[in-house]
Amino acid sequence: MNVNYYVQKVPVESVRPGFSLAIHQDGDYRLFQVECTQMSQRSGRPVMFTLMSEPVDGGDPWVLECEEGTPLVRILGVCEAAS
């Protein structure tokens, strides 16, 4: 089944809990449901953002760390599904 989505590139600093992201991993995209966001800044270092998902398949949550300004792909909805 092919599914086409409405997507939008957003900087990591605009990501909020509840967002659905498409994360490129191992040559494919994986769905990342944002549960929690955290910003950290250390002297002389770039601002970093940590995104966490809910636990995946009964295991640990996924954690994604990105530098401020990193573009991510937000999934806004399904525009077309065909089999």
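**Pocket, strands and contacts in a predicted all-strand model**

The largest pocket holds about 170 Å³ of space. Here a pocket is an open set of points on a 1 Å grid over the protein atoms alone, with protein on both sides within 12 Å along at least five of seven lines; a cavity, by contrast, is a set of points where a 1.4 Å probe fits but cannot get out, and lining residues have an atom within 4 Å of a point. Grid points are joined across faces, edges and corners, and the volume is the space filled by probe spheres set on the points. The idea behind such a search is a friendly one: rolling a probe the size of a water molecule over the atoms shows where empty space is left.

The model is predicted, with local features requiring pLDDT of at least 70 and side-chain atom pairs counting only at pLDDT 80 or more, while totals for chains, interfaces and linings use all residues. Residues are numbered from 1 along each chain as its sequence is written, and side-chain values use heavy atoms, with hydrogens and water left out.

The chain contains seven strands and zero helices, so the pattern along the sequence reads β-β-β-β-β-β-β, where strands (E, at least two residues) and helices (H or I, at least four) are DSSP runs numbered from the N terminus. Along the principal axes, the C-alpha atoms fill a box of roughly 50 × 30 × 25 Å. Of the 83 residues, 24% count as buried, a label that stands for under 20% relative accessible area, with exposed meaning over 50% and partly exposed the range in between (1.4 Å probe, protein chains only).

Returning to the largest pocket, its lining consists of Ser40, Gln41, Arg42, Arg45, Pro46, Met48, Phe49, Thr50 and Glu65. Strand β5 supplies the largest share of this lining, with three residues. Strand β4 (residues 36–40) pairs with β5 in the antiparallel sense over five bridges, and Met48 in β5 is the bridge partner of Ser40. On β5 (residues 48–55), a further antiparallel pairing joins β6 (residues 61–67) over six bridges. Within that pairing, Thr50 has Glu65 in β6 as its bridge partner, and Met52 stands opposite Val63 in β6. In a regular strand the side chains alternate between the two faces of the sheet. Strands β5 and β6 form a hairpin with five residues between them, and Asp57 in the turn has a positive phi of about 50°.

Contacts between rings and charges were examined next. The count of aromatic pairs comes to one, by a rule under which rings of Phe, Tyr and Trp (its six-membered ring) pair if their centres lie within 6.5 Å, planes under 30 degrees apart being stacked, over 60 edge-to-face and the rest tilted. Arg74 lies over the face of Phe19, 3.6 Å from the ring centre; a charge sits over a ring if NZ of Lys or CZ of Arg is within 6 Å of the ring centre and within 35 degrees of the ring normal.

Across the whole structure, zero disulfides were found, a disulfide being a pair of cysteine sulfur atoms within 2.5 Å. Cys36 is in no disulfide, and the nearest cysteine sulfur, that of Cys66, is 14 Å away. Cys36 is partly exposed at a relative accessible area of 34%, and Cys79 is partly exposed at 35%.

Finally, distances between C-alpha atoms relate sequence to space. Val73, in strand β7 (residues 71–82), is buried at 19% relative accessible area; Val73 and Pro11 are 62 residues apart in sequence and 8.8 Å apart in space. Glu67 belongs to strand β6 and is partly exposed at 41%, and its C-alpha atom is separated by 28 Å from that of Asn4, 63 residues apart along the chain. Glu80, also found in strand β7, counts as partly exposed at 45% relative accessibility. Glu80 and Gly69 are 11 residues apart in sequence and 30 Å apart in space.

Key. Two strands pair if DSSP finds at least two bridges between them.
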